[in-house]
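Subject: Structure handover

Hi,

My notes on it follow below.

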Amino acid sequence: MRFNWLSEYLAEIRSNIDSSINHESSPWRQLQLQQLTPQAIYCRIKSTSAEALEHIVIACVVYLLVCLGLYKLTFWLSTPATTTNNNRPGAGGHGANREREREAGSLKQMLQSGLRLRSVHMPKSAQMDRVLLVTAHPDDECMFFGPLIYSLTQRDNCQVYILCLSNGNHEQQAKLRRQELWRACIKLGIPESNIVLMNATNLPDDPNVEWRPDAVASLILHTVESLDIQAIFTFDRDGVSSHPNHCAVYYAAASLCLANLLPKDCKFYTLDSINLVRKYLSIFDLLCTCFMSTHWCILSWKEAAVVRSAMLEHHSQMKWFRWLYIYTSRYMFINSLRQINLSDVELEMQIHDN
């Protein structure tokens, strides 16, 4: 069997390529006319790289400006819109100013109803009058959960409890770190009576010691039941910094959810772990957070100063890199959270087993 049609088709393609190469304005012809010396190749690569770098710089500048604008807009929309009564006595001389204020208030109300940009975006249906934050070490509450704690303590009738599962005795400074934890929590708005610090020998502050999930789970369950907790907040399975103690806390809490031991009205939330680039973007991670997260807490620079001052109470932990962390880390300004249900736990347990 002869494939005359195939040979004719290939001959047509070859003729088209030859005609395009012979055309003087074609890039193939221009490349053929150029002298392909190493210097010419270097100049071509240099010009192409400079153009690509310019585009990258422009994209980064635009991204930073958008994040700054979004950050400003978020807190502008978070403040309640006010309207002015022009009929009160003495209001005639300032009618134009009040009219502009009223228009600005109506614009803010319209944006508030149309956009979901809020400094605190948490589920409204969940009862959060009594919440429990489960951490592994003293200073975790400031380093990772500061925006969440600040946002919760600003709510009316919201009691925030801290369960710290180790006393921070990694460098034989348990007594000092206990005092630092108490001072930091008071600055964050948590009273001393709401702090539970464990001193269990099977839960040392040591990344080389594996915490048993059943031991951690029993402590969490006892605290939840005794304090009538309505929501639990802790690390996710990556533990933010991949610390084994952080990850153990998640798997202990997840095992309670998997075994259906938590009270029915108790919700389970985890703090999102993010990659290293986003972790040190500070407020410039806002755009990614709004598009990729369901729940979040965002602090202004003034509000984040409260979290920084609480972190400074942990004097024993303030190494040089911690100073860099408190001013560049996204966790000092933004917390994004995810509600965990039974199907999520089953999937992540399968991943962990594999």
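Start with Leu 152. Leaving out residues up to four places away in sequence, Leu 152 touches Met 128, Val 131, Cys 158, Val 160 and Phe 233. Keep in mind that this is a predicted model.

**The cores**

Leu 152 belongs to the largest nonpolar core, which has 55 residues. Met 128, Val 131, Phe 144, Phe 145, Leu 148, Leu 152 and Phe 233 touch the most other members. Helix H7, residues 174–188, gives the most to this core: five residues. There is also a second, separate core of 31 residues. Tyr 161, Leu 203, Ala 217 and Cys 266 are among its members.

**Helix H6**

Is helix H6 enclosed or open to the outside? Helix H6 covers residues 146–153, and eight of its eight residues are buried, so the helix is largely enclosed by the rest of the structure. The buried residues are Gly 146, Pro 147, Leu 148, Ile 149, Tyr 150, Ser 151, Leu 152 and Thr 153.

**The cavity**

A search of the whole structure finds one cavity of 30 Å³ or more. The volume of the largest cavity is about 30 Å³. Its lining consists of Val 131, Leu 132, Leu 133, Leu 148, Ile 149, Leu 152, Val 160 and Phe 233. S2 and H6 are the elements that give two or more residues to that lining.

**The sheet**

Overall, the protein has 15 helices and eight strands. Eight strands form an open sheet with mixed pairing. The order is S1-S7-S8-S6-S5-S2-S3-S4. Strand S1 (120–121) and strand S4 (195–197) are the edge strands, and each pairs on one side only.

Some pairings to check on screen:

- S2 and S5 run parallel and are joined by three bridges. Leu 133 stands opposite Phe 233 in S5. Both residues also line the largest cavity.
- Strand S6 (residues 267–271) pairs with S8 in the antiparallel sense, over three bridges. The bridge partner of Leu 271 is Leu 337 in S8.
- Strand S7 (residues 295–298) also pairs with S8 in the antiparallel sense, here over four bridges. His 295 stands opposite Leu 337 in S8.

How much space lies in the largest pocket? The volume is about 500 Å³. The pocket is lined by 23 residues. Closest to its centre are Asp 139, Met 143, Gln 317, Phe 321 and Arg 322. Helix H5 (140–143) and H14 are the elements that give two or more residues to the lining. H14 has the largest share, with four residues.

Asp 139 lies in the loop between strand S2 (130–135) and H5. Its phi is near 95°, a positive value in a residue other than glycine. Is Asp 139 buried or exposed? Asp 139 has a relative accessible area of 4%. The cut-off for buried is under 20%, so Asp 139 counts as buried.

Asp 228 also has a positive phi, of about 55°, although it is not a glycine. Asp 228 sits in the loop between helix H8 (213–227) and strand S5 (231–235).

**Ser 329**

Where is Ser 329? Ser 329 is in the loop between helix H14 (320–328) and strand S8 (334–339). Ser 329 is buried, with a relative accessible area of 0%. Its side chain reaches the backbone nitrogen of Tyr 331 at 3.1 Å. Ser 329 also touches Lys 279, Tyr 280, Ser 282 and Leu 324, again not counting residues up to four places away in sequence.

**Overall numbers**

The protein has 354 residues, and buried residues make up 42% of them. Take the contacts between residues at least 6 apart in sequence: 80% of these join residues at least 24 apart.

Best wishes

Notes:
Residues numbered from 1 in each chain as written. Predicted model: local features only at pLDDT ≥ 70, side-chain atom pairs only at ≥ 80, totals over all residues. Heavy atoms only, no water. Core = buried A, V, L, I, M, F, W, Y, C linked by side-chain atoms within 4.5 Å. Buried < 20%, exposed > 50% of the residue type's maximum accessible area, 1.4 Å probe, protein only. Contact = heavy atoms within 4.5 Å. Polar contact = N/O pair within 3.5 Å; in protein donor to acceptor, adjacent residues only side chain to side chain. Pairing = 2+ DSSP bridges. 1 Å grid on protein atoms, 1.4 Å probe; cavity = no way out; pocket = protein on both sides within 12 Å on 5 of 7 lines; lining within 4 Å. Points joined across faces, edges and corners; volume = space filled by probe spheres on them.
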